[in-house]
Amino acid sequence: MKYRLEWYHKLKSNEKVQFSSEWVSGETAIEIGEELEQSGKITDLYFYDEKGTSWILKEMRKLLTEIEEDPHEIIVFFDGGFQKETNEAGLGAVIFFKQGKKKYRIRANERFNEMETNNEAEYAAFYYALNILEDLGVKHLSCEFKGDSQVVLKQLEGDWPCYEATLNRWLDRIEEKIKALGLIPKYTVIPRKENKEADKLATQALEGKEIFAKTLIL
């Protein structure tokens, strides 16, 4: 989750001027807030999350202590592979997140039957990644989803219409899951070369190689 600070700066004339920060991590937000308060020149300091909820500095410290051990700062890479001959899909997901002071990476894949198109495989891969987030206990957080499927990400973002009934059913399932988890999604289209790891996992799934690995990033 990202946070934005708002505060008033007191001038010598006693006039107050309002300022706000960029979106920053919780740790950075608290550091900025503490330095601002130590200056003795500010009033009405508030922290806002991406949902618009506000906290004072004391509440922010407590909030971050409570969520420190929960997964956060989540980035998801997804990719789907499709075999026309067998109507099977390989689903690949790579998830980066912080937990406490440590960073982790999950690499996972799955083979899925009864697919019709490559686009459907991409949707299935996205939904597969959401299920992993649910198993991790991720709720009410901002998550960035990265993939090389413009169709999936632009349709999820609402920029492109979806006319295919099969894909619309996947759209509905994904949107329902995002809503149930209370996620704040950000969709980023990336070149295929930046999605190699998820692509490899999807290919390995089609080859029958099942993978689920959680790694501490040093």
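Let me start with one cut-off. Buried means under 20% relative accessible area, exposed means over 50%, and partly exposed is in between. Keep that in mind for what follows.

This is a predicted model. Take Asp70. Its relative accessibility is 38%, so Asp70 counts as partly exposed. Where does Asp70 sit? In the loop between α2, residues 57-67, and β5. Leave aside neighbours within four places in sequence, and Asp70 is in contact with Lys98 and Gln99. Lys98 is 28 residues away along the chain, yet the two C-alpha atoms are separated by 8.1 Å.

Now a second residue, Leu136. This one is found in helix α3. Leu136 has 26% relative accessibility, so Leu136 is partly exposed too. What does Leu136 touch, not counting residues up to four places away in sequence? Pro71, Phe97 and Ile106.

Let me step back to the whole protein. There are 6 helices and 10 strands. The C-alpha trace spans about 75 × 40 × 30 Å along its principal axes. Of the 218 residues, 44% count as buried. Residues 24 or more positions apart account for 69% of them.

The surface next. The protein exposes about 12400 Å². Carbon and sulfur atoms supply 46% of that. On charges, we have 32 positive and 40 negative. Their mean positions are 5 Å apart.

On to the inside. The largest nonpolar core has 55 residues. Which of them touch the most other members? Met60, Ile74, Phe126, Leu133, Phe145 and Leu183. Helix α3 gives this core its largest share, 11 residues.

Look at Met60 in more detail. Again I leave aside neighbours within four places in sequence. Met60 is then in contact with Tyr3, Gly26, Ala29, Ile30, Phe47 and Trp55.

Next, helix α4, residues 150-157. Its buried residues are Val152, Leu153, Gln155 and Leu156. Why do they fall on the same side of α4? Because they cover an arc of only 165° around the axis. An α-helix has 3.6 residues a turn, so residues three or four places apart point the same way. And what do the buried residues of α4 pack against? The strands are β5 at 72-83, β8 at 142-147 and β9 at 184-189. The helices are α3 at 118-136 and α5 at 165-181. Just after α4 comes Gly158, with a positive phi of about 90°.

Asn14 has a positive phi of about 75° although it is not a glycine. Asn14 lies in the loop between β1, residues 3-10, and β2, residues 16-20. Is Asn14 buried or exposed? Its relative accessible area is 67%, so Asn14 is exposed.

The other is Glu73, in strand β5. Its phi is near 50°, again positive in a residue other than glycine. Glu73 has a relative accessible area of 35%, so Glu73 is partly exposed.

Notes. Residues are numbered from 1 along each chain as its sequence is written. This is a predicted model: local features need pLDDT of at least 70, side-chain atom pairs count only at pLDDT 80 or more; totals for chains, interfaces and linings use all residues. Side-chain values use heavy atoms; hydrogens and water are left out. Helices (H or I, at least four residues) and strands (E, at least two) are DSSP runs, numbered from the N terminus. Buried means under 20% relative accessible area, exposed over 50%, partly exposed in between (1.4 Å probe, protein chains only). Contact means heavy atoms within 4.5 Å. Accessible areas come from the Shrake-Rupley method with a 1.4 Å probe; for residues, only the protein chains shown count as cover. Lys and Arg count as positive and Asp and Glu as negative; His and the chain ends are not counted. The place of a charge is taken as NZ of Lys, CZ of Arg, CG of Asp or CD of Glu. The arc is that of the directions from the helix axis to the C-beta atoms. A nonpolar core is a set of buried Ala, Val, Leu, Ile, Met, Phe, Trp, Tyr and Cys residues joined through side-chain atoms within 4.5 Å.
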